[in-house]
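Please keep the structure in view while reading.

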There are 2 protein chains.
Amino acid sequence: MSESSQMEKTGVGIVGMGTVGAGVARLLLDHGDRTARHAGRKLWLTHAVVRDLKKPRDVDLPEGVLTDDLQRLVDDPSVSVVAQLVGGIEPARSIMLQLLESGKDVVTANKALLAQHGPELFDQARELGRSIAFEASVAGGIPIIANISQCLSANQVQSLQGILNGTCNFIVSKMDAEGADYQATLAEAQELGYAEADPTMDVDGTDAAQKLAILAHLAFGARVDWSKIPRRGIDGLQSVDFKYAKQLGYRIKLIAMARLTEAGLSLDVSPMLVKIGQPLAEVRDNYNAVGAVGDAVGPVFFQGQGAGQMPTASAVVADLIDTAVGRTAITFETLELWAEGHDRVGLADAGSLISRYYLRFNVQDVPNVLAQIAGALGKNGISIASVYQHDVDLSQEGIVPVVIVTKRSSQSSVDAALAELKTVSAIDSVAEQFKILD
Amino acid sequence: MSESSQMEKTGVGIVGMGTVGAGVARLLLDHGDRTARHAGRKLWLTHAVVRDLKKPRDVDLPEGVLTDDLQRLVDDPSVSVVAQLVGGIEPARSIMLQLLESGKDVVTANKALLAQHGPELFDQARELGRSIAFEASVAGGIPIIANISQCLSANQVQSLQGILNGTCNFIVSKMDAEGADYQATLAEAQELGYAEADPTMDVDGTDAAQKLAILAHLAFGARVDWSKIPRRGIDGLQSVDFKYAKQLGYRIKLIAMARLTEAGLSLDVSPMLVKIGQPLAEVRDNYNAVGAVGDAVGPVFFQGQGAGQMPTASAVVADLIDTAVGRTAITFETLELWAEGHDRVGLADAGSLISRYYLRFNVQDVPNVLAQIAGALGKNGISIASVYQHDVDLSQEGIVPVVIVTKRSSQSSVDAALAELKTVSAIDSVAEQFKILD
């Protein structure tokens with residue numbers, strides 16, 4: 001402690017002592033000297049506000065720090081920055097506003113709150129001359145917020161492709177590597193603690209869409225309502241498509257994508273085919289990753305743990321340090337995040353998104369069916385790059401899986417062709433469609 | 001320009017208008033509005049100082065900007081930050097000192113200068129209340145300086161592994177993919193402009209060692225003389241080892257490595273075996289990458305273009321923006337880079353570095369030679385993990401290549417064993433040794 005005993009102190013509060021809150025407290029308490037060295041001042045944990053004082057916690061707090069009285073923190077003028085780690089929308093939103101109003105800068109990991117109420121919270125912070133830092137809200141330990149908003153500031157970002165949900169990546173990586181089916185893999189992820197008891201928000205793409213909305217705002221200045229982002233999750237994926245994709249040289253990943261096009265900003269969250277050997281295809285287990293292309297820097301790629309106690313706490317404490325030393329205030333003031341009139345790009349119509357597609361049909365083993373598929377695709381301006389007719393599925397006699405890879409086509413053309421093909425009697429089902437990430 | 005016409009202006013100078021300088025000028029001139037948006041102020045290029053006014057350049061400069069008179073820039077009080085892009089040690093060092101003395105903050109891409117004179121330059125900047133930013137000095141477009149010194153500030157970095165030289169990575173990637181030999185691949189790299197006419201500093205590991213010295217300072221607070229870092233380049237690599245490595249599941253990469261051990265900080269630059277599928281093994285062409293492990297965040301990985309006009313200019317302009325808005329001053333003051341007494345960790349003895357090893361021997365095809373090898377290794381405490389005796393090389397009758405993979409051993413044990421084996425008559429040569437990156 002000697003090194004930092006003469007140093008200036010910054011009072012720090014934590015609201016919410018769940019997993020991440022306990023991790024933040026441990027970094028501040030157990031590694032105070034290190035933090036002081038990196039911040040040039042001591043970060044001093046004064047209050048940890050919880051709802052239930054009796055709940056067992058993963059950290060030993062000094063006498064007097066734990067409290068269930070938010071007002072004590074709010075009223076303490078020695079606290080200048082607070083890690084607000086309560087999840088969900090309310091009371092998180094009200095707590096955040098109360099902290100800002102009392103003159104505290106705020107650090108948060110709550111992406112749902114930012115995706116939903118970013119404009120209100122950021123406007124309020126600006127008006128009060130305060131700042132909000134939110135590195136931990138997207139991709140946990142990967143410092144993607146700082147990288148986009150600061151390190152790539154000489155660039156116009158042209159596209160972003162991310163694996164932003166570790167639960168989904170754990171599941172699709174397993175399905176790819178082991179040929180396992182979705183339900184069994186989800187159950188395993190739940191056992192290992194990689195998936196919640198109710199995994200809906202993760203597996204249906206909501207979580208990734210909320211994170212993408214935040215990244216799209218930073219990279220493109222787009223004020224996006226996350227619920228308007230076209231999204232599809234990984235629930236419903238079938239192991240057979242992982243097998244066929246691999247034969248074609250691809251893995252299936254849940255990709256959150258943003259791309260500047262002539263029609264505006266295209267946003268999409270869905271399972272996509274990613275070429276084996278491309279960095280995103282090789283992201284395993286519960287890791288997150290973000291690839292970006294800047295017009296000056298070219299392609300850059302970041303990978304790390306997207307969740308978990310200490311990776312997320314690492315991002316929160318980096319934000320606490322940035323706020324304590326004054327970097328956050330500068331960045332916050334400069335970037336005018338979510339400010340009125342800041343919407344510099346319109347959203348492209350979802351149908352306009354151009355991509356190659358993987359299409360799987362279950363067809364009856366009769367002549368002419370391929371001609372009908374090719375005909376419907378051709379009529380809608382879709383060229384076929386390759387066709388794979390696979391071995392008959394013995395369990396469903398007479399039904400043959402056909403996989404078609406298209407050349408670059410619009411989502412609306414593909415939708416139109418598939419709608420037509422659904423009415424063809426020799427086609428048992430239009431079983432699957434994925435975009436292929438280029 | 002409307003958006004930025006009312007804005008505050010920061011005068012910017014450039015010294016050295018080679019490839020990178022021209023790229024920086026283009027970003028400032030062609031994308032002034034974007035830069036202004038990301039900086040909250042206009043970055044105004046006032047002087048571009050060159051030695052030879054008549055040399056053709058890759059950019060159109062406004063009237064009056066180009067000059068061969070450094071003093072004009074030095075004397076202009078409207079210029080507060082200068083991109084110093086002259087390479088080599090002198091006159092780069094003197095120019096840098098002159099700029100600092102005249103009250104300018106400096107941004108540089110000159111890693112050789114920092115690796116050699118970092119302490120002097122940073123002390124001088126601190127004394128004068130100025131800052132030096134140097135994102136472009138390591139790994140070009142990958143913002144590794146900001147990531148280590150700022151984004152990972154809640155962590156003790158435990159290890160760093162980098163592919164820091166694009167020329168070398170281009171060559172070893174080609175040798176791996178095509179089985180080509182070193183000289184032919186180097187010639188191809190030179191034709192494509194990926195290698196200099198005199199590639200010595202790249203291929204012998206000097207460039208990577210200089211960059212590693214800078215990273216080691218940032219991540220571990222070690223004041224390292226780059227020339228003391230054990231280093232071996234890629235000149236002399238043989239295609240046969242790429243083939244054997246691949247059979248074992250590895251690629252050969254030039255790795256710059258730093259690792260905190262009980263014996264101190266281990267630093268090493270050498271060709272190493274990297275497991276196929278690991279992010280570093282999949283870094284192709286002339287890309288750079290850095291993997292780091294932080295004690296809180298766990299493993300993180302960054303990849304991008306490590307050189308080239310616009311990727312490097314992207315890093316320089318990000319630094320100009322950071323300096324203009326005041327973030328650099330805060331970081332510079334906080335981190336006490338290369339400050340006296342800042343050396344927090346000693347260097348480990350090179351022999352103490354523990355690793356698995358790939359060893360190749362050319363042996364005479366006589367009985368008992370394997371026993372002799374195993375004996376010498378065993379005597380020095382080295383356990384063998386696996387042995388591969390390869391097909392006889394038909395061009396050298398009677399000589400058989402034997403590849404041994406060891407368990408974890410110290411460099412000094414391996415050195416001792418190999419010295420012994422060099423005297424064994426049945427061993428034609430101790431042909432190769434590589435560390436295996438874990």
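In helix H6 of chain B, B:Lys111, B:Ala112, B:Leu114 and B:Ala115 meet B:Gln210, B:Lys211, B:Ala213 and B:Ile214 of H11(B). By class, the residues of this contact between H6(B) and H11(B) are 5 nonpolar, 1 polar and 2 charged. The model is a predicted one, and the values below are computed from it. Two packed helices are described by the angle between their axes and by the distance between those axes. For helix H6 (residues 111-127) and helix H11 (residues 206-220) of chain B, the angle is about 55° and the axes are 9 Å apart. H6(B) is therefore oblique to H11(B). The crossing of H6(B) and H11(B) is left-handed.

In chain A, helix H6 (residues 111-127) packs on helix H11 (residues 206-220) at an angle of about 55°, with the axes 9 Å apart. This makes H6(A) oblique to H11(A). H6(A) passes H11(A) in a left-handed crossing. The H6(A) side of the contact consists of A:Lys111, A:Ala112, A:Leu114 and A:Ala115, which meet A:Gln210, A:Lys211, A:Ala213 and A:Ile214 in H11(A). The contact of H6(A) with H11(A) has 5 nonpolar, 1 polar and 2 charged residues.

## Helices H8 and H9 of chain B

A further helix pair in chain B is formed by helix H8 (residues 166-178) and helix H9 (residues 182-191), which pack at an angle of about 130° with their axes 9 Å apart. That angle makes H8(B) oblique to H9(B). H8(B) passes H9(B) in a right-handed crossing.

From H8(B), the residues in this contact are B:Thr167, B:Phe170, B:Ile171, B:Lys174 and B:Met175; they meet B:Tyr182, B:Thr185, B:Leu186, B:Glu188 and B:Ala189 of H9(B). The contact of H8(B) with H9(B) divides into 6 nonpolar, 2 polar and 2 charged residues.

## The parallel sheet

Chain B holds an open sheet of 6 strands in the order S3-S2-S1-S4-S5-S6, with parallel pairing. B:Gln84 has B:Thr108 in S5(B) as its bridge partner. Helix H2 (residues 19-30) of chain B lies across strand S1 (9-15), strand S2 (42-49) and S4 of chain B, and runs at about 145° to S2(B).

In chain A, 6 strands likewise form an open sheet with parallel pairing, in the order S3-S2-S1-S4-S5-S6. Strand S3 (66-67) and strand S6 (132-133) of chain A each have a single partner strand, so one side of each is left without a neighbour in the sheet. Strand S4 (residues 79-84) and strand S5 (residues 105-108) of chain A pair in the parallel sense over 4 bridges. A:Ala83 stands opposite A:Val107 in S5(A).

## The interface between the chains

How many residues of chain A are in contact with chain B? There are 45 residues of chain A in contact with 46 residues of chain B. The elements of chain A that give two or more residues to the side touching chain B are helix H3 (32-39), helix H7 (144-151), strand S11 (298-305), helix H13 (309-325) and helix H14 (327-335). H13(A) gives the most to that side, with 9 residues. By class, the side of chain A that touches chain B has 22 nonpolar, 18 polar and 5 charged residues.

Strand pairing also runs from chain to chain. S11(A) and strand S11 (residues 298-305) of chain B pair in the antiparallel sense over 3 bridges. The bridge partner of A:Phe302 in S11(B) is B:Phe302.

## Symmetry of the two copies

Two copies of a chain are related by a rotation about an axis and a shift along it. Here, a rotation of 180° with 0.0 Å of shift along its axis superposes chain A on chain B, with an RMSD of 0.0 Å. The two copies are thus related as by a two-fold rotation axis. In chain A, the C-alpha nearest this axis belongs to A:Phe302, at 2.4 Å from it.

Why do the copies meet through the same surface? They do so because 100% of the interface residues of chain A are also interface residues in chain B.

Definitions and conventions: Residues are numbered from 1 along each chain as its sequence is written. Chains are lettered from A and ligands numbered from 1 in the order in which they are written. This is a predicted model: local features need pLDDT of at least 70, side-chain atom pairs count only at pLDDT 80 or more; totals for chains, interfaces and linings use all residues. Axes are lines fitted to C-alpha atoms, for helices over the stretch in contact, and angles run from 0 to 180 degrees between N-to-C directions. Angles under 35 degrees count as roughly parallel, over 145 as roughly antiparallel, 65 to 115 as roughly perpendicular and the rest as oblique. A crossing is left-handed if the near helix is turned anticlockwise from the far one by less than a right angle, and right-handed if clockwise. Two residues are in contact if their C-beta atoms, placed from the backbone, lie within 7 Å. Ala, Val, Leu, Ile, Met, Phe, Trp, Tyr, Cys and Pro count as nonpolar, Asp, Glu, Lys and Arg as charged, and the others, Gly among them, as polar. Copies are superposed by least squares on the C-alpha atoms of residues with pLDDT of at least 70 in both. Two strands pair if DSSP finds at least two bridges between them.
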